[in-house]
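Here is a short briefing on one protein chain. Please look at the model first, then read the points below.

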Amino acid sequence: MAGSVPALQLAYRITRRGGTTVTAGLPAPAAMLSIPAVSLVAEERTLKGCYIGTSVPSRDLPRYLALFRRGRLPIDRLLTHRLPLADINEGFDRLREGRAVRQVLQFG
């Protein structure tokens with residue numbers, strides 16, 4: 001989930017025979033992943049990408065909102081910072097340094 005190629009390589013390496021490695025992190029667009037190709041067949045592994053939880057927004061967003069409102073999906077715990085637009089560069093620094101998970105820009 002970190003969007004880190006070394007983290008994805010580690011996750012793939014420790015996936016057991018017949019297992020599936022799923023990544024939802026987005027690394028830099030030019031980043032390349034190197035894995036032993038033979039392991040896909042010989043060890044019957046699967047490597048899969050997942051974007052936004054492979055959701056269908058019209059179906060899933062109302063469900064997620066209902067879960068959040070009932071206290072069953074505590075997404076507010078993922079919010080690490082709120083910042084004004086003037087501090088956006090500091091927000092990017094936090095992300096790059098791994099000091100933030102999710103940040104919200106506040107306007108006005």
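What share of the contacts in the chain with a separation of 6 or more comes from residues 24 or more positions apart? Such residues account for 46% of them. The model is predicted. Its chain holds 4 helices and 4 strands.

**Overall build**

- Starting at the N terminus, the elements follow the order α-β-α-β-α-β-α-β.
- The chain is more spread out than a compact globule, because its radius of gyration is 18 Å, well over the 13 Å that the globule rule gives for 108 residues.
- The C-alpha trace spans about 55 × 35 × 20 Å along its principal axes.

**Surface and burial**

- Buried residues make up 16% of the 108 in the chain.
- The chain has an accessible surface of about 8,600 Å².
- Carbon and sulfur atoms contribute 59% of that surface.

**Helix 1**

- Helix 1 covers residues 5-14.
- Its buried residues include Val5, Leu8 and Tyr12.
- These residues sit on the same side of helix 1, because they cover an arc of only 60° around the axis.
- The other side of helix 1 has Pro6, Arg13 and Ile14 exposed.
- Cover for the buried residues of helix 1 includes strand 1 (20-23), helix 2 (38-42) and strand 2 (46-49).

**Leucine 8**

- Leucine 8 belongs to helix 1.
- Is leucine 8 buried or exposed? Leucine 8 counts as buried, because its relative accessibility is 15%, under the 20% cut-off.
- Which residues does leucine 8 contact, leaving aside its neighbours within four places in sequence? They are Thr21, Thr23, Leu33 and Leu47.
- Leucine 47 is 39 residues from leucine 8 in sequence. Their C-alpha atoms are 9.9 Å apart in space.

**Aromatic rings**

- How many aromatic pairs does a search of the whole structure find? The search finds 0.

Methods: Residues are numbered from 1 along each chain as its sequence is written. This is a predicted model: local features need pLDDT of at least 70, side-chain atom pairs count only at pLDDT 80 or more; totals for chains, interfaces and linings use all residues. Side-chain values use heavy atoms; hydrogens and water are left out. Rings of Phe, Tyr and Trp (its six-membered ring) pair if their centres lie within 6.5 Å; planes under 30 degrees apart count as stacked, over 60 as edge-to-face and the rest as tilted. Helices (H or I, at least four residues) and strands (E, at least two) are DSSP runs, numbered from the N terminus. The radius of gyration is taken over C-alpha atoms; the globule rule is 2.2 Å times the number of residues to the power 0.38. Buried means under 20% relative accessible area, exposed over 50%, partly exposed in between (1.4 Å probe, protein chains only). Contact means heavy atoms within 4.5 Å. Accessible areas come from the Shrake-Rupley method with a 1.4 Å probe; for residues, only the protein chains shown count as cover. The arc is that of the directions from the helix axis to the C-beta atoms.
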